[in-house]
Amino acid sequence: MSYLDYKTGSPITDGKAPTGPIAERWDKRRFEAKLVNPANRRKHTIIVVGTGLAGGSAGATLAEQGYHVVQFCYQDSPRRAHSIAAQGGINAAKNYRNDGDSIHRLFYDTVKGGDFRARESNVHRLAQVSVEIIDQCVAQGVPFAREYGGLLDTRSFGGVQVSRTFYARGQTGQQLLLGAYQALSRQIAAGNVEMHPRTEMLDLIVIDGRARGIVARDLITGEITTHVADAVVLASGGYGNVFYLSTNAMNSNATAIWRAHRRGAYFANPCFTQIHPTCIPRTGDHQSKLTLMSESLRNDGRIWVPKARGDRRPPNEIPEDERDYYLERIYPSFGNLVPRDIASRAAKNVCDEGRGVGPGGQGVYLDFADAIRRMGRAEVEEKYGNLFDMYERITAENPYEVPMRIYPAVHYTMGGLWVDYDLQTTVPGLFAIGEANFSDHGANRLGASALMQGLADGYFVLPSTINDYLARNPLTEKVTADHPVVREVVAETEDRLNLLLAVDGDRTPDSFHRELGELMWEFCGMARSDEGLRKALDRIPQIREEFWRRIKVPGTGEELNQSLEKANRVVDYLELAELMCLDALHRSESCGGHFREESQTPEGEAARRDEEFAYAAAWEFSGTGDAPVLHKEHLVFEYVHPTQRSYA
Amino acid sequence: MRLTLRVWRQKNAGAPGAMATYEVDGISPDMSFLEMLDTLNEELILRGEDPVAFDHDCREGICGACSLVINGDAHGPERTTSCQLHMRSFRDGDTIDIEPWRAAAFPVVKDLVVDRSAFDRIIQAGGYISAPTGSAPEAHATPVPKADADFAFEHAECIGCGACVAACPNGSAMLFTSAKVNHLNVLPQGAPERETRVLDMVRVMDEEGFGGCTLTGECATACPKGIPLPSIAAMNKEWLRATRKARR
């Protein structure tokens with residue numbers, strides 16, 4: 001049977017979201033949830049995988065509540081998770097600017113920004129909790145930008161018309177992550193968190209239908225270890241590195257969520273990936289990753305290309321009336337601050353027309369000349385100095401004098417493990433938080449909302465909802481490392497690693513990863529078509545087959561072996577990529593970041609088809625290369641009526 | 001570009017290490033330093049040799065993972081992280097020495113990878129503000145003068161890479177520790193733990209085997225984030241203040 005002949009299984013009807021007025025649902029759920037007696041909490045062990053904003057904040061908070069937390073990260077320190085690279089800011093409906101913001105508006109903007117493919121209840125809760133996040137972070141000493149009066153400063157981000165983004169220069173992710181890391185460090189010192197750095201989760205242990213632990217590899221000694229618990233929380237981030245080139249960290253990977261998917265957790269909307277409009281263009285085949293320039297730059301920078309095709313003059317020699325500020329022209333009311341998916345596609349369109357700039361014509365200008373004239377260089381430097389420096393370091397061009405060149409790049413994945421309102425996956429006892437889940441951003445995430453969601457899940461949502469699972473599901477069986485299921489999962493993991501080492505072929509892990517990434521970028525990137533996706537689906541199993549024939553991993557499994565780590569991650573990318581393409585093929589509408597060439601408006605915008613596709617697609621695994629089963633969770637919009645998104 | 005690389009190779013923490021020489025060719029000036037190492041490693045793998053292990057992750061200069069001593073300088077000739085160093089800083093035909101951080105408190109794990117967990121333990125000793133989730137007052141309840149907020153931010157920029165320690169002839173961690181002490185101690189939220197924070201962090205810093213500070217200033221020169229040298233003086237002041245208070 002072909003992989004494309006997927007079956008449609010039973011729909012998902014219970015997302016556990018309470019009914020009633022949307023503003024009361026979170027309170028209602030928290031009240032209905034059973035609690036664990038504080039004295040009993042230390043008897044419960046909770047595994048948290050990942051130490052980014054979601055994992056770091058969850059680990060710290062669960063430990064503060066009295067649980068015994070066992071936490072993992074592949075980095076040498078929990079402080080290095082990739083949340084640290086988030087630049088621009090974090091949204092919160094504080095309405096400090098008195099500019100008409102409210103919880104309801106943040107909720108509305110997020111549902112609309114996500115092109116009506118997110119669950120209303122979750123998004124509303126996110127907007128409610130956003131307010132508490134800022135309070136929490138300030139109390140921890142996060143040095144947000146402040147006005148001269150000592151109060152917090154905010155700025156605007158794409159897709160909204162209020163100024164609700166709190167920031168710490170261009171390093172907001174770093175500062176928020178260090179806040180969570182410090183809270184976690186406090187709990188490590190107190191003995192409430194057992195921290196395992198340089199340890200990578202390689203599989204999930206499911207016993208009697210419930211998540212009971214993980215199998216991990218000590219990256220220094222190579223030892224395969226097992227860890228059992230009463231619940232497992234995955235906070236391992238997104239899967240953007242399927243594309244090889246992305247703004248993710250080099251070692252960010254999909255193994256934790258993909259292995260959980262193989263063990264029964266549904267994977268929702270895998271084709272919803274975000275291509276960020278403002279990244280530094282690639283310079284050649286040696287490129288190992290792409291670097292983002294914060295969206296906040298679009299507050300003051302103006303995006304343009306020459307009006308004429310193939311205009312090769314230096315930007316400063318192109319007169320004003322021969323420039324096309326295409327976002328301001330097409331979308332006059334949002335201008336340069338349209339949502340990311342729209343800005344990215346517009347950049348692709350002008351480049352496809354032959355009006356792109358820089359090497360290969362794969363770039364557009366982001367110009368600060370007007371901003372420098374208006375605000376003065378000093379103020380521009382104060383606001384964006386570190387971003388300008390970073391740009392200059394990478395490109396050796398001075399953006400105060402020459403416009404930046406930018407091009408879209410893979411940045412974030414809205415899809416992820418399917419979770420209910422409690423952030424629990426379809427495997428009882430397995431929770432997914434932050435970018436690892438699919439829950440809040442629909443088909444497109446707004447800027448400064450990833451930090452908000454990661455911290456909302458970790459500080460506030462999960463620590464409430466996990467109580468209910470632990471209180472209602474007493475564990476009867478004590479699991480140890482010699483449980484037959486545990487031994488079986490360990491054996492499978494060891495077999496996989498040994499096989500990777502044994503093939504001794506003639507291609508490196510990177511060469512396969514790069515080949516897969518290029519295929520995905522071409523056929524499952526900014527524009528997707530029936531024909532292209534079928535080509536990719538044809539090709540991926542061939543690459544997979546070749547991988548297992550020709551992969552070369554030097555060294556052994558009993559040492560620090562970065563090639564082995566990489567190869568093992570590529571194994572999972574090679575399966576996940578296939579599901580992404582299938583999901584993109586089945587969703588023949590366009591929505592948000594998922595643009596199907598067959599489904600566009602006369603103006604070339606994404607045309608949604610709500611009658612057919614107003615659902616989250618949750619896929620059930622049925623074997624490598626075997627057709628998965630599709631479960632639909634139909635989305636109901638009671639508060640934000642779906643309309644054609646318009647930013648004109 | 002064609003380059004000769006002399007790289008520190010060490011099988012594991014217990015094994016002796018030595019410099020090994022490799023030639024790389026076809027290097028573009030637009031490559032980052034780590035992309036140049038990627039090129040070497042791809043060749044080594046195909047030759048069936050063990051690739052050079054090095055720590056790296058974000059490659060944007062913010063995670064603090066990369067940690068190479070390049071031609072004797074922590075992070076190399078430019079004031080940035082190893083990952084943000086580009087090959088245009090070198091010339092065709094150059095010989096480049098690549099070593100791990102050298103410091104008693106950072107033992108080598110393999111090749112260019114070192115163990116920096118001592119930094120985590122310094123933070124665990126007091127590099128935080130005790131504010132359990134849910135206990136926070138409204139964010140605007142306590143205004144913070146902009147100058148103080150900027151001072152806090154300037155120190156909070158530390159990425160914990162350890163270049164300061166690697167550059168210091170004494171292997172001292174004073175710049176790292178002072179960055180966190182100053183970030184938190186200047187804020188009103190950090191005031192209640194001001195004394196215990198500096199005393200505990202400095203104590204653990206000493207216990208971890210970092211050397212003493214003789215104010216040579218190499219740390220601040222090597223710091224990719226520009227944490228200023230007076231940061232150390234500010235921490236000394238905090239420490240003296242806390243010591244006096246403790247005696248009373």
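Modeller: Helix H5(A) has a kink of about 30 degrees, centred on Ser130(A). This is a predicted model, in which local features need pLDDT of at least 70 and side-chain atom pairs pLDDT 80 or more, while totals for chains, interfaces and linings use all residues. Residues are numbered from 1 along each chain as written, chains are lettered from A and ligands numbered from 1 in written order.

Colleague: Why is H5(A) called a helix, and what span should it have?

Modeller: A helix is a DSSP run (H or I) of at least four residues, and a strand a run (E) of at least two, numbered from the N terminus. H5(A) covers residues 120-140 of chain A, which is 21 residues. The expected span is 1.5 Å times one less than the number of residues, so H5(A) should span 30 Å, and its end C-alpha atoms are 30 Å apart, which agrees. Just after H5(A), Gly141(A) takes a positive phi of about 95 degrees.

Colleague: Why are E2(A) and E3(A) said to pair, and in what sense?

Modeller: Pairing needs at least two DSSP bridges. E2(A) (residues 45-49) and E3(A) have five, in the parallel sense, so they pair. One of the bridges joins Ile46(A) to Val69(A) in E3(A). E3(A) (residues 68-72) is mostly covered, with four of its five residues buried.

Colleague: What makes a nonpolar core, and how many residues has the largest?

Modeller: Buried Ala, Val, Leu, Ile, Met, Phe, Trp, Tyr and Cys residues joined through C-beta atoms within 7 Å form one. The largest has 278 residues, and those with the most contacts inside it include Leu234(A) and Val165(B). Helix H16(A) (residues 562-586) gives the most to this core, with 14 residues.

Colleague: Which residues is Leu234(A) in contact with?

Modeller: Contact means C-beta atoms, placed from the backbone, within 7 Å. Beyond its neighbours within four places in sequence, Leu234(A) touches, among others, Val49(A), Leu417(A) and Phe431(A).

Conventions: The bend at a residue is the angle between axes fitted to the seven residues ending there and the seven starting there. A residue is buried if 20 or more other C-beta atoms lie within 10 Å of its own, exposed if 12 or fewer, and partly exposed in between; C-beta atoms are placed from the backbone. Two residues are in contact if their C-beta atoms, placed from the backbone, lie within 7 Å.
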